[in-house]
Amino acid sequence: MDWREEGVLLAVRKHGETSAIIDVFTESRGRHAGVVRGGTSRKIAPILQPGAQLDLAWRARLEEHLGAFAVEPLRSRADLMGARDTLAALNAVTSLLAFVLPEREAHPTLYQRTLSVLDMIGDGDFWKLGYLRWELALLDDLGFGLDLGRCAVTDRSDNLVFVSPKSGRAVSRAGAGQWADRMLPLSPALVGQGEGSDADVLEGLTVTGHFLGQHFAPTLGDRPLPAARQRFVDLIARGLRREGGGQ
């Protein structure tokens, strides 16, 4: 059994004395694991960095076996490791994918969105907004997409300011009524409005984080979301505090 395809490296761990096991995300094979012989060597180890785009050749005696990868570098994305915020975003993307994706199940649309967000990180003023939109796409691909077009209570599309923490639907101020303090904020960044500021992105990530952590994670045995995502969120929050003159 063998196939060849390019993909994004999600995670790597040592295997035995000289090898490594890698998790990759490919368009037609989904998340797929395999052994890289000599993966800890000086020649190959620098290639095996999360986020790297690799040419992958997988081979195994039987389809259900772990199998082995031969890898060739296509793009390192090492440029994202030069700043704390871009490195944190890269780690958030790769760790979330390794966390949520089942093995060997294709997610071609999410794969293309992932390539887009990895290419966007650090480029221009709105790449953090691009990351938020990627998390929305991730939720949608997992079957937990948000419905933010009309109020869940009044069925109107005006004055939408909240998101129901249970249904993931938008709620207007009038529709929320006495339950307003239990609602999540509907950031304009979630619906393609506003200026795409870090404050709006952070508010949006509160919503996507809620549905990833409280709705999706329990389907995997209630494991916590990867710490890398929270580190990225915290980094955005600290930046806002500095801009506001806080500590």
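**Close-up views of a predicted model**

**View 1. Lys-128, a buried lysine.** Lys-128 has a relative accessible area of 15%, so this residue counts as buried. The model shown here, as in every view below, is predicted. Lys-128 belongs to helix α3, which covers residues 127-142. Its side chain makes a polar contact with the side chain of Asp-198, at 3.2 Å. Beyond residues up to four places away in sequence, Lys-128 touches Asp-85, Asp-198, Val-201, Phe-232 and Ile-236.

View 2. Thr-86 sits in helix α1, residues 84-100. Is Thr-86 buried or exposed? Its relative accessibility is 8%, and buried means under 20%, so Thr-86 is buried. A polar atom of the Thr-86 side chain lies 2.7 Å from the backbone oxygen of Leu-80. The Thr-86 side chain also reaches the backbone oxygen of Ala-83, at 3.2 Å. Leaving aside neighbours within four places in sequence, the contacts of Thr-86 are Leu-80, Ile-121, Gly-122 and Trp-127.

View 3. Helix α2 runs over residues 108-120. With 13 residues at 1.5 Å a residue, α2 should span 18 Å; its end C-alpha atoms are 19 Å apart, which agrees. Which residues of α2 are buried? They are Leu-110, Tyr-111, Thr-114, Leu-115, Val-117 and Leu-118. An α-helix has 3.6 residues a turn, so residues three or four places apart point the same way. The buried residues of α2 pack against β1, β2, β4, α1 and α3. After α2 comes Gly-122, with a positive phi near 85°.

**View 4. Aromatic pairs across the chain.** How many aromatic pairs does the structure hold? There are 7. In one of them, the ring centres of Phe-25 and Tyr-111 are 5.3 Å apart and the planes stand at 80°, so the pair is edge-to-face. This pair links distant parts of the chain: Phe-25 is in strand β2 (residues 19-26), Tyr-111 is in helix α2, and 86 residues separate them. Both Phe-25 and Tyr-111 are buried. Phe-144 and Phe-216 also form an edge-to-face pair, with 5.7 Å centre to centre and 85° between the planes. Here the loop between α3 and β6 supplies Phe-144, while helix α5 (residues 198-216) supplies Phe-216; the two are 72 residues apart. Phe-144 is partly exposed, at a relative accessible area of 25%. Phe-216 is buried, at 6%. Elsewhere, ring pairs link Trp-127, Tyr-131, Trp-134 and Phe-232 into a cluster.

**View 5. Strand β4 between two partners.** Strand β4 covers residues 53-59 and is mostly covered, with 5 of its 7 residues buried. Strand β1 (residues 2-15) pairs with β4 in the antiparallel sense, over 7 bridges. Glu-5 has Leu-56 of β4 as its bridge partner. Strand β5 (residues 68-75) also pairs with β4, antiparallel and over 7 bridges. There, Arg-59 has Ala-68 of β5 as its bridge partner. In a regular strand the side chains alternate between the two faces of the sheet.

**View 6. An open sheet of 3 strands.** The strand order is β7-β6-β8, and the pairing is antiparallel. The edges are β7 (170-172) and β8 (184-185); each has a single partner strand, so one side of each lacks a neighbour in the sheet. Strand β6 (residues 160-163) and β7 pair over 3 bridges. Val-163 stands opposite Ala-170 in β7.

**View 7. The nonpolar cores.** The largest nonpolar core has 54 residues. Which of them have the most contacts inside it? They are Leu-97, Tyr-131, Trp-134, Leu-138 and Phe-232. The elements giving two or more residues to this core are β1, α1, α2, α3, β6, β7, α5 and α6 (227-243). Helix α1 gives the most, with 9 residues. Apart from neighbours within four places in sequence, Leu-97 is in contact with Leu-10, Phe-25, Arg-31, Leu-110, Thr-114, Trp-134 and Leu-138. A second, separate core has 16 residues, including Ile-22, Val-36, Leu-54 and Leu-56.

Methods:
Residues numbered from 1 in each chain as written. Predicted model: local features only at pLDDT ≥ 70, side-chain atom pairs only at ≥ 80, totals over all residues. Heavy atoms only, no water. Helix = DSSP H or I, 4+ residues; strand = E, 2+ residues; numbered from the N terminus. Buried < 20%, exposed > 50% of the residue type's maximum accessible area, 1.4 Å probe, protein only. Polar contact = N/O pair within 3.5 Å; in protein donor to acceptor, adjacent residues only side chain to side chain. Contact = heavy atoms within 4.5 Å. Pairing = 2+ DSSP bridges. Phe/Tyr/Trp six-rings, centres within 6.5 Å; stacked < 30°, edge-to-face > 60°. Expected span 1.5 Å × (residues − 1). Core = buried A, V, L, I, M, F, W, Y, C linked by side-chain atoms within 4.5 Å.
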